[in-house]
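My entries follow in the order I made them.

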Amino acid sequence: MQTSDSNLSEAPGLAEVLALPNEQLLGNRIEGVDGTLVMGSAPTALHQQWLQRLQLAVAPVLPKATELLPGVAVRCGESRLLIPDFVIVTCPDVATTWYPASEVLLAAEIESPSTRVQDRIFKKALYAEALIPYYLLVDPEQEAATVYALSDGDYLPHAKSEGGVLTLAEPFPAELDLRA
């Protein structure tokens, strides 16, 4: 588990993101992708309500030796630092600035009108390239979710919600009610 930022100098954009003052980070979500800083607005109250509901549903069914963490930075390769809405990591209780993708079991994104294309295409591709085993994509407008599983370097649909309920066997057994 990498807990130091000392080797970020070779990664344009990553060191810059981590060096930003807190007042610049407030109200913004800043990620680094291949030398480019990608800035998004802070999540809305509706987004945060969905995040809380998902956390409360997932946390009790997590396997031992995993931990659910909202809004933490994940290093995806040498030049990418992304911030999923939440992750499930395989290294609980570690104090770090960022987690390597190799320690992430699942990355989750909750769509909003301003992030829909980014979450469905851009981030999905970057997480797959970083070999994160599972990707959860939630569409609050449709009360729907899809879990994708990594297969030969690409994500394939693994489980889709039906009637507003997502039932999982992997990466852990769970039933998530997505209905408001």
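**Cores**

I began with the largest nonpolar core, which has 25 residues; Phe86, Ile88, Leu136 and Leu166 touch the most other members. A nonpolar core here is a set of buried Ala, Val, Leu, Ile, Met, Phe, Trp, Tyr and Cys residues joined through side-chain atoms within 4.5 Å. Buried means under 20% relative accessible area, exposed over 50%, and partly exposed in between (1.4 Å probe, protein chains only).

I then listed the elements that each supply at least two residues of this core: H3, strand E6 (86-89), strand E8 (104-110), strand E9 (134-139), strand E10 (144-151), strand E12 (165-168) and strand E13 (174-177). Helices (H or I, at least four residues) and strands (E, at least two) are DSSP runs, numbered from the N terminus. Another core, of 22 residues, lies apart from it and includes Val72, Cys76, Tyr127 and Tyr135.

The model is predicted: local features need pLDDT of at least 70, side-chain atom pairs count only at pLDDT 80 or more, and totals for chains, interfaces and linings use all residues. Residues are numbered from 1 along each chain as its sequence is written, and side-chain values use heavy atoms, with hydrogens and water left out.

I checked Leu166 for contacts (heavy atoms within 4.5 Å). Beyond its neighbours within four places in sequence, Leu166 touches residues including Leu136, Ala145, Val147, Ala174 and Leu176.

**Cavity**

How many cavities of 30 Å³ or more does the structure hold? I found one. A cavity is a set of points on a 1 Å grid over the protein atoms alone where a 1.4 Å probe fits but cannot get out, and lining residues have an atom within 4 Å of a point.

The largest cavity has a volume of about 40 Å³, a volume being the space filled by probe spheres set on the points, which are joined across faces, edges and corners. Val58, Phe86, Ile88, Leu106, Leu136, Leu168, Phe172 and Leu176 line it.

**His47**

I placed His47 in helix H3 (residues 45-58). His47 counts as buried because its relative accessibility is 9%.

The His47 side chain makes another with the side chain of Gln48, at 3.0 Å.

**Arg75**

Arg75 is in strand E4 (residues 73-75), and I noted it as buried because its relative accessibility is 7%.

How values were computed:
1 Å grid on protein atoms, 1.4 Å probe; cavity = no way out; pocket = protein on both sides within 12 Å on 5 of 7 lines; lining within 4 Å. Polar contact = N/O pair within 3.5 Å; in protein donor to acceptor, adjacent residues only side chain to side chain.
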